[in-house]
Amino acid sequence: MRIASVLTSIALAGFIATGAAAAATTAATTTTTAPATTTTAPTKKSAPAMTPQKTAISKQCSALADAQKLHGKAREKFRADCKKNGGKAG
């Protein structure tokens, strides 16, 4: 029984050491072989900043949806209609 425990421990240590060495080799390889990019990635257009009034309307609609315990698509539809109505349930 003791010999099996020792052999298991040695095997486990070997697997861990092999995995760490492989990970270090892979990390070193990928950093040195990565081609340099000369083009820039296209920038995404950022969403326009919400005004305080729109933020208040959005929070009001969320609170109304919470009060009705809406979830999923029903909540999305409710909030969209609510925001179109200026924060009032439609």
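The model is predicted, so local features need pLDDT of at least 70 and side-chain atom pairs count only at pLDDT 80 or more, while totals for chains, interfaces and linings use all residues. Residues are numbered from 1 along each chain as its sequence is written, and side-chain values use heavy atoms, with hydrogens and water left out.

The protein chain has three helices and zero strands. Along the sequence the pattern reads α-α-α. Helices (H or I, at least four residues) and strands (E, at least two) are DSSP runs, numbered from the N terminus. The chain exposes about 7800 Å². Carbon and sulfur atoms supply 65% of that area. Accessible areas come from the Shrake-Rupley method with a 1.4 Å probe; for residues, only the protein chains shown count as cover. Of the 90 residues, 11% count as buried. Buried means under 20% relative accessible area, exposed means over 50%, and partly exposed lies in between (1.4 Å probe, protein chains only).

In soluble globular proteins, nonpolar side chains tend to be buried together. Here the largest nonpolar core holds six residues: I57, C61, A65, L70, F78 and C82. A nonpolar core is a set of buried Ala, Val, Leu, Ile, Met, Phe, Trp, Tyr and Cys residues joined through side-chain atoms within 4.5 Å. Helices α2 (52-67) and α3 (72-84) each supply at least two residues of this core. Helix α2 gives the most, with three residues.

Two of the core residues are cysteines, C61 and C82. A disulfide is a covalent bond between the sulfur atoms of two cysteines. The rule applied here asks for a pair of cysteine sulfur atoms within 2.5 Å. By this rule the count comes to one disulfide. The bond joins C61 to C82, with an S to S distance of 2.1 Å. This pair links distant parts of the chain, with C61 in helix α2 and C82 in helix α3, 21 residues apart. The torsion about the S-S bond is about -85 degrees, so the disulfide is left-handed. C61 counts as buried because its relative accessibility is 0%. C82 also counts as buried, at 1%. Leaving aside neighbours within four places in sequence, C82 is in contact (heavy atoms within 4.5 Å) with C61, L64, G87, K88 and A89.

F78 is another member of the core. This residue lies in helix α3. Its relative accessibility is 14%, so F78 counts as buried. With neighbours within four places again set aside, the contacts of F78 are C61, L64, A65, Q68, L70 and A89. The C-alpha atoms of F78 and S62 are separated by 9.1 Å, and the two residues are 16 apart along the chain. S62 lies in helix α2. At 19% relative accessibility, S62 counts as buried. Beyond its neighbours within four places in sequence, S62 is in contact with R75 and R79.

A nonpolar patch lies on the surface. I3, V6, L7 and I10 form this patch, with about 420 Å² of accessible area together. Patches are made of residues with over 30% relative accessible area and no salt bridge; like charges are joined within 9 Å, and nonpolar side chains (Val, Leu, Ile, Met, Phe, Trp, Tyr) within 5 Å. A salt bridge is a side-chain nitrogen of Lys or Arg within 4 Å of a carboxyl oxygen of Asp or Glu. I3 lies in helix α1 (residues 2-33). I3 is exposed because its relative accessible area is 65%.
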